[in-house]
Amino acid sequence: MIGKREQETGSDYAGNSVMAASGDEIEDNDYEALAYQQRLKAALHYTVGRICEKTGDETGVQFSRRFIAALTETTFKQCESFATDLELFAKHAKRTQINADDVLLLARKSSTLAAHMENMSKELIKAHEADRANRKTKKAKKSKPAEEATSTAIEIEDET
C-alpha cells in the first residue's frame, strides 16, 4: 500500500522509488484498510464486552457501555503498539518473521508476564522436542520392517 508521503516523494520509507499510484487506487486501499480495521475493532469490542459480562457476573460489578468502549479502544491501541514493537524487534534481528524471542522481549516490562511467557516457551520447546523424538521413533519402526524385508529377500536369493 502506498501512503501519502510515498505518493508525494515517489519513494517508499526505505528510499526505493515507487510508481505513483492514481488517487482512486490509494482511496480504494485506504478504504479497504479502514474497513478491515473497523471489523477488527468490532470483534475486539464484542470480546471485551463478553469478558466484562462474565467478570461482572462473577463479581457483581456492572460495566457501562462507555467503559467497555474505552477499554476496547485502549486495548486496540495497545495491540497496535505491541505489533509495531514485535515487527521492529524482528527487523532489528534481521529477520522477516516474528518469533518467540521477540514476544519474550516484548513481555520484559512486566516481570510476572515475562516469567509466565518464559515458562510457556520452555513447555512448548519440550513438547516440540518430544514430538520430534516420537516422529523419529515412528520413522525408525517403519523403516526397520522394510530393511528386514529386503534382507530376507537377499537371503532367499542367496540360498537359491
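Let me start with Lys94, which sits in the loop between H3 and H4, where helices (H or I, at least four residues) and strands (E, at least two) are DSSP runs numbered from the N terminus. Lys94 is not a glycine, and yet its phi is positive, at about 60 degrees. With a relative accessibility of 76%, Lys94 counts as exposed, and the cut-offs here are under 20% relative accessible area for buried, over 50% for exposed, and partly exposed in between, with a 1.4 Å probe and protein chains only.

Before I go on, a word on what we are looking at: this is a predicted model, in which local features need pLDDT of at least 70 and side-chain atom pairs count only at pLDDT 80 or more, while totals for chains, interfaces and linings use all residues. Residues are numbered from 1 along each chain as its sequence is written, and side-chain values use heavy atoms, with hydrogens and water left out.

Now to the overall layout. The secondary structure comes to 5 helices and 0 strands, so to speak of the order from the N terminus is to read α-α-α-α-α. Of the 160 residues of the protein, 14% count as buried. If we take contacts, meaning heavy atoms within 4.5 Å, between residues at least 6 apart in sequence, 27% of them join residues at least 24 apart.

Is Asp102 buried or exposed? Asp102 counts as buried, because its relative accessibility is 3%. Leaving out residues up to four places away in sequence, Asp102 touches Leu86, Phe89, Ala90, Arg95 and Gln97.

Next, the core. Which residues make up the largest nonpolar core? They are Leu44, Val48, Cys52, Ile68 and Phe76, 5 residues in all, a nonpolar core being a set of buried Ala, Val, Leu, Ile, Met, Phe, Trp, Tyr and Cys residues joined through side-chain atoms within 4.5 Å. Helix H2 (23-59) and helix H3 (65-92) each supply at least two residues of this core, and H2 gives the most, with 3 residues. Phe76, once its neighbours within four places in sequence are set aside, is in contact with Gln37, Leu40, Lys41 and Leu44.

Cys52, which belongs to that core, is buried, with a relative accessible area of 7%, whereas Cys79 is partly exposed, at 41%. As for disulfides, that is, pairs of cysteine sulfur atoms within 2.5 Å, a search of the whole structure finds 0.

Finally, the aromatic rings. Rings of Phe, Tyr and Trp (its six-membered ring) pair if their centres lie within 6.5 Å, and planes under 30 degrees apart count as stacked, over 60 as edge-to-face and the rest as tilted. By this rule the count comes to 1 aromatic pair, formed by Phe63 and Phe67, which are stacked at 5.3 Å centre to centre with 20 degrees between the planes. Phe63 is partly exposed, with a relative accessible area of 30%, and Phe67 also counts as partly exposed, at 39% relative accessibility.
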